[in-house]
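Reader: Before I plan anything around this model, I would like to go through its two chains carefully, one topic at a time. Could you show me the structure and then take my questions?

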Amino acid sequence: MSSSNRNRDSAPSVWSTTGLRYAAAFSLLFGLGAAVMVAGVDYGLMRFAEAEVRDGLSHQMEVMRADADRHGTAALVQELNAEARNRDARRYLLLVEAPNGSTFSNGLTRLAVNATGFRRNLPNKARPARWPDQTPNMMTLSARAADGGLLAVGRDIQHLDELRGGIRHFALWSGIALILLALAGGWASGRLFLRRLESVNQAVGRIIAGQDSTRLPAVGLGREFDQLALNLNRMLDRQEAALTALKSLSEGVAHELRAPLNRVRNRLEQVAARIDDVDARDDMIERALAETDQVSALFEALLTLARIESGGVALHVAPVDLADLATTVCDIYRPLVEEAGGDLRTLFSRPLVIQGDAALLQQALANLIENAIFHGGPPIGIEVSTRASDGKAILRIADRGTGVPEAEREKVLRRFYRIDQADPSPGSGLGLAMVAAVVNAHGGELHLGDNSPGLAVEIALPQSQLG
Amino acid sequence: MRMLIIDDDARTRTFVADGLRQQGQTVDQAADGETGLHMALEGDYDAIVVDRMMPGLSGLDAVRSMRSSGLKTPVLMLTALGAVDDRVDGLNAGADDYLVKPFAFSELSARIQALIRRPPLVDQTQRHAIGDLVVDVAAHRATRAGQVLDLTPHEFKLLERLARNAGQAVTRTMLLESLWGFHFDPRANLIDAHISRLRAKVDRGFECDLIQTIRGVGYVLKQPE
C-alpha cells in the first residue's frame, strides 16, 4: 500500500511536465525574437518614411525657391494667395513671408518652423504643455530666398505615427496570442504524455511491488518511445532470468552446504560421545576435517565458476595445442582408470592449435574425464579424441556408461543438477557447469550426445588461424 | 629456525604460531604490514608467512618492499582469494608460495619446510640420494641399488619432486600444483594412484619402502629408521 501511495504522491502534475516547460521556454524565446524583429521593422520603416517625407519637402522647397528667386518672394506670396482661393487644401502646408511684410500661409505658422533647415514637430499629446497647441504632428523645412524672404514647407506626418502604432499593436497582440497558443499546446501535449506514461508508471509500480512478470505497455507516442519500452522489457527479461538463476543457485548452495555441515556436526557429536576411545575419536575428527575440505572445495569451485561466467576472469589466451593438452591430462588420469580396472584410449590428430586458456581447458577436460570415471562404467571405458573439422578443433570424450537421456542433456549443465538425486558418487555438482562456462568463454560449442551406450561429449572450439 | 607470522587476524596468527612452536620453531608475530615489514628487515628469519589482505600496508606491498630491499627470505603468502590471477599477483610480488584459506596446518607446515629447503635457484641440486635410491635429474635417470628404474616421464617428475624434499612431507595439493599445474581439487585420488604406480617400481622387490604415507598430510621420501 505504502509504495503505491508514494507512487501516486510523486506522480507529476501537468504543470511540471517537460512538454509544458518546453512550450513556456520556447514562447519566451519566440516573444523576445518577435520583439526584436518588430523593433527592427519599426525603425527601418520610420527611416524610410521620413526620408520620403524629407525628399518631398526638399522638392517642394526647390520649386518655391526657384519661383521666389526669379520673381521675388512678394510675387510668390501674391501668386500663392491667388491660387489658394481656387484650390483649397494642398498636400503641403506652406508659409512664405516676403521682405515687404506680405505673407502667405495655408496653416503653417512661424512657431512650427526653424530659421532654416528641417524640423520635426512632435504630436500635440507628446509636446510639453508650455508650447502653443498650434503645430500639428508634422515635419517642416524652411529656407531663405535670395531676397531674404522666408520660405517654409511642412507635411503632416500623423499617418506615419498611426502606421507605427498599428504595427506595434499588431505585434503586441499577436505575440500574446502566440504565447497563449504555445502554452496551451504545451499543456495539452504534457497531459497527453502524462496519460500515456501513467500506464507505464503503473506497470513499473507493479514490478516494484514484486510482480516480476509484469511488462511495460507500448507508450504509443512514437517509434522511439515504443523502442524504449521494448528495450526496457528485454532488460527486465534478463534481470528476471538472472534473478531466477540466482535464487536457484542460492537454494542449491544452501542445500549442498547443509549436507556436509550436517555430517561434520554428526562426526563431532560422535567425538564428544566417545572421547575416551582414542582411535575412534581420531578417525571421526579426520573424517570431519575431510568434510570441511569438501565444503572449501565446493566454495572454490563455485567462485571460479562465477568468475568465469561473469567474465571476471581475464582469459590467459595463448596458442594451445589441444592434442598436447589432452595427452597430458589423459596421462595424469590413466593410472587411476587402470587401477579401477578400466581403460582410457586416446586418438589424437595433431597438431591442433587453438587460442585458449590452457589452465581452464585443462580443468574442463579433467572434469569430463572424472565424470566418465564416475559414471562411465562398469567397466570404465573412456575414449578421448581430437580432430579438426570444418575449421574447428573438436575434443571428444566418450564413455560406456548409462549416458544421459536426451531430455536431461540441457539440465545436467546446470549447477548442482543430478540426474539421480540419490547418486552417491562424489562431486560438487558443478563439473559440467564449469565445462559449459569454459567452452562458452572460449566462444566454442558444447554438445552432449549418445555413444550408445554411454555419453559422448564434444567440444568444438574455433581453430587458430595461426596454427 | 626462526619464523615470522604477519597477519591482522589474531586467531589465524595464533593458530599458525602455536603449530610452528610445537614443531620446535621460534616464532615472532606482527599484527600489521608496517610492523611486519620492519621486523622482517631487522630480524634474521628463515621463513615469513604473510597474509595478503591487511588494512594499511597489504601483504602484497609488504612483500614487494621486502624484495626491493634485497631480502631473500622465503615468503609464503596466505589469502582468501584463490583464483589463478590472485596467485599470479602474489608470486609476481615476490612471494615464493601461495596458500588459500581455509588451509590445514599440515599443508602450511609442509609448504614452509619445502620453502626453507629450496636451494637457491642457481645451484639446483642435480642429483639426489636417498638410501640406495639415486635420482639423477640431469640424466633423467633413477636407480635403486644400482638397478635402473623404468619410469615414465610423469613418474620421474613425481619421484624427483619427492626427492627434492627428501625427509619432508609433500602434500597432495603441492604435488597437484607443482607437477601438473592443477589449481583445483580433483574428485578422484589422482596422486594416490600415481604414488601406487611409483611404489610398484621404486619399492617393490627392495628391502625397505622409501615412499611413505603420512596420514592426513601426504607423502615423504626417506630411509626408514
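The questions below go through confidence, the contact between the chains, and the sheets and helices of each chain.

Author: This is a predicted model, in which local features need pLDDT of at least 70 and side-chain atom pairs count only at pLDDT 80 or more, while totals for chains, interfaces and linings use all residues. Residues are numbered from 1 along each chain as its sequence is written, and chains are lettered from A and ligands numbered from 1 in the order in which they are written.

Reader: Which element of chain A has the lowest mean pLDDT?

Author: pLDDT is the predictor's confidence in each residue, from 0 to 100, and its mean over chain A is 81, with 89% of the residues reaching 70 or more. Residues 1–9 of chain A stay under 50, and the model has four contacts for them beyond four places in sequence, a contact being two residues whose C-beta atoms, placed from the backbone, lie within 7 Å. Where pLDDT is low, the predicted coordinates should not be read in detail. Among the elements, which are DSSP runs numbered from the N terminus (helices H or I, at least four residues; strands E, at least two), E10(A) has the highest mean, 91, and the lowest, 45, belongs to helix H1 (residues 2–9) of chain A.

Reader: Which helix gives the most to the side of chain A that touches chain B?

Author: The contact takes 23 residues from chain A and 19 residues from chain B. On the side of chain A, helix H6 (278–309), H7 and helix H8 (358–375) each supply at least two residues, and the residues of that side divide into 13 nonpolar, four polar and six charged, where Ala, Val, Leu, Ile, Met, Phe, Trp, Tyr, Cys and Pro count as nonpolar, Asp, Glu, Lys and Arg as charged, and the others, Gly among them, as polar. With eight residues, the helix that gives the most is H6(A).

Reader: In what order do the five strands of the open sheet in chain A lie?

Author: Two strands pair if DSSP finds at least two bridges between them, and in this sheet the pairing is mixed. Its edge strands, each pairing on one side only, are E7 (343–348) and E11 (445–450) of chain A. Strand E9 (residues 381–389) and strand E10 (residues 392–398) of chain A pair in the antiparallel sense over seven bridges, with Leu395(A) in E10(A) as the bridge partner of Thr386(A). The order is E7-E9-E10-E12-E11.

Reader: Which strands of chain B stand at the edges of its five-stranded open sheet?

Author: The order in chain B is E2-E1-E3-E4-E5, and the pairing is parallel. Inside the sheet, E1 (residues 2–6) and E3 (residues 47–51) of chain B pair over four bridges, and four bridges also join E3(B) to E4(B). The strands with a single partner, each of which is therefore left without a neighbour on one side, are E2 (26–30) and E5 (97–100) of chain B.

Reader: How many of the five residues of E3(B) are buried?

Author: A residue is buried if 20 or more other C-beta atoms lie within 10 Å of its own, exposed if 12 or fewer, and partly exposed in between, with C-beta atoms placed from the backbone. Both faces of E3(B) are covered, with Ala47(B), Val49(B) and Asp51(B) on one side and Ile48(B) and Val50(B) on the other. E3(B) is largely enclosed by the rest of the structure, because the buried count is five of the five.

Reader: How many other C-beta atoms lie within 10 Å of Ile191(B)?

Author: Ile191(B) is found in helix H8 (residues 190–202) of chain B. Not counting residues up to four places away in sequence, Ile191(B) touches Arg172(B), Leu175(B) and Leu176(B). Ile191(B) is buried, and the number of other C-beta atoms within 10 Å is 25.
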